Amino acid sequence: MELINDMLISNNESYIKLAVYLLRTYFVKHEVNVQEKIDTLFNLFNQFNIIKTLCDVLLTSSDNSLIVYIYL
Amino acid sequence: MLINLPYTNVDRKIFQIELFGQENLIDSYIRHLGSEFHDVVENTLWFLNVIIQDSVELRDTFISSPIFLEVMKILRRDLNSLNIIEFTIWLLSTLMKDTTTTPPEKKVLECLEASAGYLHVLETSILTQCMWTIYNISSHDEKLPKIYEDIMNSGAVVKLLKINYTRFQICLSPCLRILGNLCAGRFEIVDVKLL
């Protein structure tokens, strides 16, 4: 998660995209303990200030697929 | 990712404040709502819906912010995306849902006009969202004593009664709830206009 955060704040568009896509894959809901998984992820988000970083990406990005991935 | 927020047991308020507390972020939501790309508009609407749904404070902030105006603007566009219409009305439904506090009457009436206006769209998901919105609005009768008259005057009831519920069975429940609220509230209006 630390690495993902570093990628998100890297100012490098490719790294940011990759980090968002990677985060997104964590949320794909095909596992048994979905609730536990979502809680773990949001705990990590809290710990690593990921939401704040994602907000910064939302503020600056004009890449539509990236925006959709952050929301969805 | 962000639309998973309501499903976590982790304290959501921390995230909600981060996601809704900054003025410049509100500007980016407005920008996304005005996007030419349907996917961006749809997912912004979905996200805004889920983020306000369990916080009446956020709901009130949302209604008094420029985002509300932008959402209403979406319905005035020449829309060819049923999903966008559905998600927009769904958002209005969420805005009207919590009766702990009642939004300003002007905003409620705007939501009523918008949802009544889309009752002619014969598409199950849109009809359902419109009906739930009107039902939620009708539940604010304590704070808005004229709301039943407003619903009658919006033309919603006439449209509700013309819908073929054999074809749109799923819509029957919200429809009956609206009529139930109206009947339980003000018999004299129902007498004249419904029976």
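Visitor: In which helix of chain B is F15(B) found?

Guide: This is a predicted model, in which local features need pLDDT of at least 70, side-chain atom pairs count only at pLDDT 80 or more, and totals for chains, interfaces and linings use all residues. Residues are numbered from 1 along each chain as its sequence is written, while chains are lettered from A and ligands numbered from 1 in the order in which they are written. Helices are DSSP runs of H or I with at least four residues, numbered from the N terminus. F15(B) lies in helix 1 of chain B.

Visitor: Is F15(B) buried or exposed?

Guide: A residue is buried if 20 or more other C-beta atoms, placed from the backbone, lie within 10 Å of its own, exposed if 12 or fewer, and partly exposed in between. Because F15(B) has 21 C-beta neighbours inside 10 Å, its class is buried.

Visitor: Which residues does F15(B) touch, not counting residues up to four places away in sequence?

Guide: Two residues are in contact if their C-beta atoms, placed from the backbone, lie within 7 Å. With residues up to four places away in sequence left out, F15(B) touches I51(A) and L5(B).

Visitor: Which helix of chain B gives the largest share of the side that touches chain A?

Guide: The contact takes 23 residues from chain B and 20 residues from chain A. Helix 1 (12-20), helix 2 (23-33) and helix 3 (38-52) of chain B each supply at least two residues of the side of chain B that touches chain A. The largest share of that side, 6 residues, comes from helix 3 of chain B.
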